[in-house]
Amino acid sequence: MATLTFQRATWCLQISRTSKTFAVSFTTVLPRRHKPGSLPSRSRAFQEPPIPRASRHNQARSAFTSTKVYQAQQTPQPSAVPASELPQKATTQDLSNGLDDQPLVLDEGTTKVDWSRSFHGLSTQPFSKEAADILLQPISPDDVEVKPDGIIYLPEIKYRRLLNKAFGPGAWGLAPRGETIVTSKAVTREYALVVLGRLVSVARGEQDYFSPEGIPTAAEGCKSNALMRCCKDLGVASELWDPVYIRKFTAQHIKELFVEHQVTKKRRKLYLRKDGKVNYPFKEVKSFGVS
């Protein structure tokens, strides 16, 4: 009988989880049938007469027909807001993972040149004699600087001045040809030197950095380093890569001396121009063992 009751309940009731309804049934307790030979726990005097099977079936149907379904009184819940629409907390971008500055790729059908991958105008014709004379002129020893390790170089602003003098401001530019790559210690990116609407040279610049806060400055230094390398193809300051010129300049304009760091007391060898002087925090000493 219990099995029949639950089956009828399944047929008659549908309870929705989303609307949180519940059913209240007013049913009549039907008498329990006993196995033959077993006696009920209560006296026979109070036993009800057995009910035929068809009658019990009709009683169960009428009981479930009178079932009432009530809607649970629930406090309306606010609708969920998508995570994409929630206000985002301002955070500092981690530049050590890259700058995500891929150059814009133009459509194939456009009339503009996509300098991120084009070699338009490369070696089509030489520059004018006036521009070539400015680019190929010997550099002045007064413009050459020396690094603490003895490497000589021309400051990047001198390259820009030569290009402006040869072609005019706005007639040349550096076009990035790839995304900025940031490693654990350096920033690198490839650039193309474009002069008068045609490609002149392609080079990859690089610059070291010591903390993530220095990555933007290193990215600018990377651009200047690429400009210096591109200018080698134009013959600008080509003496700086000539071993004969390097040895001659070192003998005439560079001195080496020992210095001591006034805070850490560490000593090292330092290279300077002969017209330069030691600045703080270093102090010149005679040698490693004598102050």
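## Helix α5 and its surroundings

Helix α5 spans residues 215–232; its 18 residues reach 26 Å from the first C-alpha to the last, close to the 26 Å expected at 1.5 Å a residue. The expected span is 1.5 Å times one less than the number of residues. Helices (H or I, at least four residues) and strands (E, at least two) are DSSP runs numbered from the N terminus.

This is a predicted model, in which local features need pLDDT of at least 70 and side-chain atom pairs count only at pLDDT 80 or more, while totals for chains, interfaces and linings use all residues. Residues are numbered from 1 along each chain as its sequence is written, and side-chain values use heavy atoms, with hydrogens and water left out.

Buried means under 20% relative accessible area, exposed over 50%, and partly exposed in between (1.4 Å probe, protein chains only). The buried residues of α5 include Ile215, Leu227, Met228, Cys230 and Cys231. The buried residues of this helix pack against α4 (156–167), β5, β6, β7 (186–195) and β8 (198–208), where contact means heavy atoms within 4.5 Å.

The structure holds zero disulfides, a disulfide being a pair of cysteine sulfur atoms within 2.5 Å. Cys230 is in none, and the nearest cysteine sulfur, that of Cys231, is 7.0 Å away. For Cys231, the closest cysteine sulfur is that of Cys230, too far for a bond.

Thr180 lies in the loop between β5 (172–176) and β6 (181–182). The Thr180 side chain makes a polar contact with the side chain of Arg189 at 3.5 Å.

| Buried residue | Relative accessible area |
|---|---|
| Thr180 | 6% |
| Cys230 | 0% |
| Cys231 | 0% |

A polar contact is a pair of N or O atoms within 3.5 Å; within protein, one must be able to donate a hydrogen and the other to accept it, and residues adjacent in sequence count only if both atoms are side-chain atoms.
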